[in-house]
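The following paragraphs lead the reader through one protein model, from its overall make-up to particular side chains. Please keep the sequence and the structure in view while reading.

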Amino acid sequence: MSISGEFIAFIGLALAAIAGGVLMLNLTKVVHMVVALVFTFISIAGIYVMLSAEFVAFVQILIYSGAITIIMLFGIMLTRHNDETETAGLLRKILVGLGVLGFAGLMYFGVYNLDLGSGAADLHVDNTEQIGLAIYAKYVIPFELTSVLLLVALVGAIILAKRDDVEEEATKE
């Protein structure tokens, strides 16, 4: 097996995505967790570029690294939370490490034994057009329901934040 630049780039992006996920689990401040999550999202977008899915990589960065992260930060800012940090105990660190190693082992053996067949595929032919036809023809209802669900979640966060403000003012009086 020869090691190519593409393989090295994939390993680097995969390790960066895993490191971002592990950091998100181990950090205690919520804003730091969001930054680690953005790190993971951008690494996954790099993997999409390597798979010749440039449109999906663009959407990954635009939607997840941009919009979802901003919504998470708004949710953090709009809700009251106790910012006391707890130190992660040794047992928690060991369990997280064992979980990561177990998941890595399962994925390794799952991919190693996977048989995708030998059919050739044209990766660069009309990717964006095929995605658009699938979303707006076959999956238009789930696509619209997802947008409504995100809107309801945002309105719910605002209502919860307003309710906390009203309760706080009532206790002051």
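The secondary structure of this protein consists of six helices and zero strands. Followed along the sequence, the pattern is accordingly written α-α-α-α-α-α. The model is a predicted one.

The protein has 173 residues, of which 14% count as buried. Its exposed surface comes to about 13200 Å², and carbon and sulfur atoms supply 72% of that area. As to how the chain meets itself, consider the contacts between residues at least 6 apart in sequence: 62% of these join residues at least 24 apart.

One part of the surface deserves attention at the start of the chain. Ile3, Phe7, Ile8, Phe10, Ile11, Leu15 and Ile18 together form a nonpolar surface patch, with an accessible area of about 660 Å². One of these residues, isoleucine 3, is located in the segment before helix α1, which spans residues 5–26. Isoleucine 3 counts as exposed because its relative accessibility is 60%, and the cut-off for that class is over 50%.

How many aromatic pairs does a search of the whole structure find? The search finds four. One of them joins phenylalanine 41 and tyrosine 64: the ring centres are 5.2 Å apart and the planes stand at 45°, so the pair is tilted. Phenylalanine 41 belongs to helix α2 (residues 30–50) and tyrosine 64 to helix α3 (residues 54–78), so this pair ties together parts that are 23 residues apart in sequence. Are the two partners buried or exposed, or does either fall in between? Phenylalanine 41 counts as buried because its relative accessibility is 13%, where buried means under 20%. Tyrosine 64, at 39% relative accessibility, counts as partly exposed.

Another aromatic pair is formed by tyrosine 108 and tyrosine 112, and this one is stacked, with 5.9 Å from centre to centre and 15° between the planes. Both tyrosine 108 and tyrosine 112 lie in helix α4 (residues 90–112), where they are four residues apart, about one turn of the helix. Tyrosine 112 is exposed, because its relative accessible area is 60%.

Conventions: Residues are numbered from 1 along each chain as its sequence is written. This is a predicted model: local features need pLDDT of at least 70, side-chain atom pairs count only at pLDDT 80 or more; totals for chains, interfaces and linings use all residues. Side-chain values use heavy atoms; hydrogens and water are left out. Patches are made of residues with over 30% relative accessible area and no salt bridge: like charges are joined within 9 Å, nonpolar side chains (Val, Leu, Ile, Met, Phe, Trp, Tyr) within 5 Å. Accessible areas come from the Shrake-Rupley method with a 1.4 Å probe; for residues, only the protein chains shown count as cover. A salt bridge is a side-chain nitrogen of Lys or Arg within 4 Å of a carboxyl oxygen of Asp or Glu. Helices (H or I, at least four residues) and strands (E, at least two) are DSSP runs, numbered from the N terminus. Buried means under 20% relative accessible area, exposed over 50%, partly exposed in between (1.4 Å probe, protein chains only). Rings of Phe, Tyr and Trp (its six-membered ring) pair if their centres lie within 6.5 Å; planes under 30 degrees apart count as stacked, over 60 as edge-to-face and the rest as tilted. Contact means heavy atoms within 4.5 Å.
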